[in-house]
Amino acid sequence: MALSAAIILAAGEGTRMRSRTPKVLHTFAGKTFLQRVMASVGAQDPDTLAVVVHYQADRVAAAARSYNDQVEIVNQDDIPGTGRAVQCAMTQLAERGELSGPVLIAASDMPLLDAGTLHDLLEFHEASGNGATVLTTILDDPTGYGRIIRDREGNVLRIVEQKDANRSELAVQEVNTSVYVFEAAVLARSIAGLKSNNAQGEFYLTDALEMAKADGNVGAFAAPDPLTVEGVNDRVQLSELSKAYNRRICERWMRDGVTILDPATTWIEDDVQIARDATILPGSFLQGRTVIGEGAVVGPYTTLIDAVVDAGATVERSRVQGTHIGADATIGPWTYLRPGNELGTGTKAGAFVEMKNAHIGNGTKVPHLSYVGDADLGEHTNIGGGTITANYDGVHKHHTNIGSNVHIGAGNLFVAPVEVGDNVTSGAGSVIRHAVPDDAMVYSENTQHVVEGWKPAWER
């Protein structure tokens, strides 16, 4: 159906989050609440997508524009309430011309609100011919939600907020999800007469439903999955919803052929891709646009952020960001791969290795206790433990090139910029400041001094 406008309510502070960050900008599985709701609402292809802001308005508006550069930003004034937010939005949208057709309204604190549920809601609204339709769900514990009050025939009479409900109304388990569809003309008339004579002293959008009954039927469509319309008011609810959702994500990957030994300690964000027969061990966090190849093993206690792990690779007890790890590579334990690394097939970054902007050729090994930054290493080269590429002179970063089939002794220091050719061997403890040609041996001679019979000052 043609959707004339969609209004997302993102003006609130979310005081129960007890945060300097507006509630709608808190993250859930890698994306903010607002980003998720905007994506689901935007999938309905409204003629205009509006986001109402107030608390930290500039910050929320900037985030909204980063998610959709065509979004219409509406600034709510200091008059409180969801009804007032919609009044401000409708006034601004009317300046573009008279609205005709359905208007979708959604709160922005439901991170799992999905496009499919909204599509079904819109189809139900169109088929029923209602002037307004509210999206509801049934909860075992409806505490905190507005209750849907129906007449004996099942028609929607009104929505009663928790603080305004009496004992019998509090017993109702069908709740308002704060998602509505109004015909534009019905909405305009209904919000015009809103009043603030309630416990909160706010203009409730829910009161508009009662007024809409004078223009025709008010219907209700029940979301089949309560999780998709569950709101988040504090960090306890955020944690509980995150766990429930993550469990579903892990179950989906397991049914697709991925081994996850402990879903309770494995966290997987939405945009992650995992091939079959991969194994995810306990304590792993897979974030961003991470891609894991067939038969790869990740974990335990590993964080991957926007990383690509090819087939057969192993990443253990490490943090990897913005790095491509080749097939059959071995990473970890206690390895830190910062952004910009390319590790070839059969490579190794061993214990306590850090890399940044490093290109590691096939079969090359950096076994342990080394830093490789801004460097290119050829194929089948071995880097001795404790080796460092000194890439920073205090102002600029410089590059190190080490060729193929090179054997670097323990404790080497490469003072960039420096070039080392193919088939080079270096002595332990070497400081390499100048270019080394192919097929060479390089070492730094350090004179050893022995002072016999020496004692520290406190003994003397």
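Leaving aside its neighbours within four places in sequence, which residues is Thr-206 in contact with?

## Starting with one residue

Thr-206 is in contact with Ile-159, Glu-161, Asn-176 and Tyr-180, where contact means heavy atoms within 4.5 Å. Thr-206 sits in helix H7, residues 206–212. Helices (H or I, at least four residues) and strands (E, at least two) are DSSP runs numbered from the N terminus. Because its relative accessibility is 3%, Thr-206 counts as buried. Here, buried means under 20% relative accessible area, exposed means over 50%, and partly exposed falls in between (1.4 Å probe, protein chains only).

A word on the model itself: it is predicted, so local features need pLDDT of at least 70 and side-chain atom pairs count only at pLDDT 80 or more, while totals for chains, interfaces and linings use all residues. Residues are numbered from 1 along each chain as its sequence is written, and side-chain values use heavy atoms, with hydrogens and water left out.

## Two domains

The domain assignment gives domain 1 (5–228) and domain 2 (235–442); such bounds come from an automatic or database assignment. The C-alpha centres of the two domains lie 46 Å apart. Across the boundary, 15 residues of domain 1 are in contact with 10 residues of domain 2.

## The largest nonpolar core

A nonpolar core is a set of buried Ala, Val, Leu, Ile, Met, Phe, Trp, Tyr and Cys residues joined through side-chain atoms within 4.5 Å. The largest one has 55 residues, and those touching the most other members are Ile-268, Ile-274, Leu-286, Ile-292, Leu-304, Ile-325 and Met-355. Two or more residues each come from helix H8 (235–255) and strands S28 (354–360), S30 (371–377) and S36 (418–420). H8 gives the largest share, six residues. Both domain 1 (5–228) and domain 2 (235–442) give residues to this core, so it lies between them.

Let's look at Met-355. Not counting residues up to four places away in sequence, Met-355 touches several residues, among them Tyr-336, Leu-337, Ile-360 and Val-372.

Helix H2 spans residues 57–67, and its buried residues are Ala-57, Val-60, Ala-61, Ala-63 and Ala-64. Seen down the axis of H2, these fall within an arc of 160 degrees, so they line one face of the helix. That arc is taken from the directions from the helix axis to the C-beta atoms.

The face turned away from the buried side of H2 carries the exposed residues Asp-58 and Ser-66. The cover over the buried residues of H2 includes helix H1 (33–42), strand S4 (49–53) and strand S5 (72–75).

## Pocket and cavity

On a 1 Å grid over the protein atoms alone, a cavity is a set of points where a 1.4 Å probe fits but cannot get out, and a pocket is an open set with protein on both sides within 12 Å along at least five of seven lines; lining residues have an atom within 4 Å of a point. Grid points are joined across faces, edges and corners, and a volume is the space filled by probe spheres set on the points. The largest pocket holds about 1500 Å³ of space. Of its 43 lining residues, Arg-16, Lys-23, Thr-82, Glu-202 and Asn-233 are the closest to its centre. Strand S10 gives the most to this pocket's lining, with four residues.

The largest cavity has a volume of about 30 Å³. Its lining includes Tyr-371, Val-372, Leu-377 and Phe-414. S30 gives the most to this cavity's lining, with three residues.
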